[in-house]
Each structure stands twice: as structure tokens, then as C-alpha cells.
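This report walks through selected features of one structure. Start by looking over the sequence and the model.

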Amino acid sequence: QVQLVESGGGLVQAGGSLRLSCAASGSRFSIYDMGWYRQAPGKQRDLVAVIGRGGKTNYADSVKGRFTISRDNAKNTVLLQMNSLKPEDTAVYYCNVVAYEGIRKYDYWGQGTQVTVSS
């Protein structure tokens, strides 16, 4: 089992910044992809950004140039720096981790953290 602890959500005005953090723990597992998804009310959960173990990143078009994902492999943490926030970024943000125990692949989700951007 991998435990994910998220932090950093909150309320911010449009144009402001927030940083989300997610720490993964679970000694028997090898952490591979780490990412962030978001879900607005009445909408599906969508990818925001993902980073591979080697540092390769992928972003949703809507956040390119504004959000930056990074990770610390030694600490199994992933950060999402969100700049120039817009009201449409308002959502619950979920940390996601892909981990392996041997050859078995597991997909873990954090509890979610609310990000609210006021206009």
C-alpha cells in the first residue's frame, strides 16, 4: 500500500499562485509516474500534469506555460506550481501515483485538495 499526503490547496484571486505538494510513502514499492488530476463540479476528472521517473513531463493544454510539475525521487514527492491562476482552474486536485511492487502495477490516488480561484 502506498499512502499519499497532499497539501497546498486554498483560495486565491485570479492571477495568483499556489503550490500543491504530494508525498508518497510505501517502502515495498517503486514509484514511477507521479501526477496531478483535477475535477470540477459536474465534470470528469482530467489530467493536469504528469512527470515520469526520469523527469519527462506532460501537461494539459489549458495549463501549459502556467503550471510546472516537479518531483524529488529521493523523497517520493511531487510538486505542482500553479501560476497565473484563472477561475476555470477551480477544482479538487488529486495526486496520482503509479507504483510497482515487483511486476505488479498499482494506481494510487490522494484524498484531494480544493483549489478555488476567485475572479
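Begin with Ser 84. This residue is partly exposed, with a relative accessible area of 40%. The model is a predicted one. Ser 84 sits in the loop between S8 and strand S9, which covers residues 91-101. Its phi is positive, at about 50°, although Ser 84 is not a glycine. Most residues other than glycine have a negative phi.

Asn 76 is another residue of this kind. Its phi is near 55°, a positive value in a residue other than glycine. Asn 76 is found in the loop between S7 and S8. It counts as partly exposed, at 23% relative accessibility.

Strand S3 (residues 18-25) and strand S8 (residues 77-82) pair in the antiparallel sense. Their pairing runs over 6 bridges. Ser 21 stands opposite Leu 79 in S8.

**Salt bridges**

How many salt bridges does the structure hold? There are 4.

| Pair | Closest N to O distance |
|---|---|
| Asp 89 and Arg 38 | 2.9 Å |
| Asp 61 and Lys 64 | 3.0 Å |

Asp 61 forms a salt bridge with Lys 64. Asp 61 counts as exposed, at 64% relative accessibility.

Now turn to Asp 89. Is this residue buried or exposed? Asp 89 counts as buried, at 1% relative accessibility. Arg 38, Arg 66 and Asp 89 are linked in a network of salt bridges.

Consider the link to Arg 38. Asp 89 forms a salt bridge with Arg 38, with the closest N and O atoms 2.9 Å apart. Asp 89 lies in the loop between S8 and S9, while Arg 38 lies in strand S4 (residues 30-39), so the pair ties together parts that are 51 residues apart in sequence.

Arg 66 is buried, with a relative accessible area of 10%.

**Around Arg 38**

Arg 38 has its place in strand S4. It counts as buried, at 14% relative accessibility. Its side chain also makes a polar contact with the side chain of Tyr 93, at 2.9 Å.

What else is Arg 38 in contact with, leaving aside its neighbours within four places in sequence? Among the residues are Gln 44, Arg 45, Asp 46 and Val 48. Ser 62, Val 63 and Phe 67 also belong to the list. So do Glu 88, Asp 89, Ala 91, Val 92 and Tyr 93.

**Around Arg 71**

Arg 71 is in strand S7 (residues 67-72). It is buried yet has no salt bridge. Which side chain of opposite charge is nearest to Arg 71? The nearest is Asp 33, 5.4 Å away. A salt bridge needs the nitrogen within 4 Å of a carboxyl oxygen, and the 5.4 Å to Asp 33 is given for a residue without a salt bridge.

Arg 71 has polar partners instead. A polar atom of its side chain lies 2.6 Å from the backbone oxygen of Tyr 32. A polar contact of 2.6 Å also joins the side chains of Arg 71 and Asn 73.

Not counting residues up to four places away in sequence, Arg 71 touches Ile 31, Tyr 32, Asp 33 and Met 34, among others. Its contacts also include Ile 51, Gly 52 and Arg 53. Thr 77 and Val 78 are on the list too.

Definitions and conventions: Residues numbered from 1 in each chain as written. Predicted model: local features only at pLDDT ≥ 70, side-chain atom pairs only at ≥ 80, totals over all residues. Heavy atoms only, no water. Helix = DSSP H or I, 4+ residues; strand = E, 2+ residues; numbered from the N terminus. Buried < 20%, exposed > 50% of the residue type's maximum accessible area, 1.4 Å probe, protein only. Lys, Arg positive; Asp, Glu negative; His and termini not counted. Polar contact = N/O pair within 3.5 Å; in protein donor to acceptor, adjacent residues only side chain to side chain. Contact = heavy atoms within 4.5 Å. Pairing = 2+ DSSP bridges.
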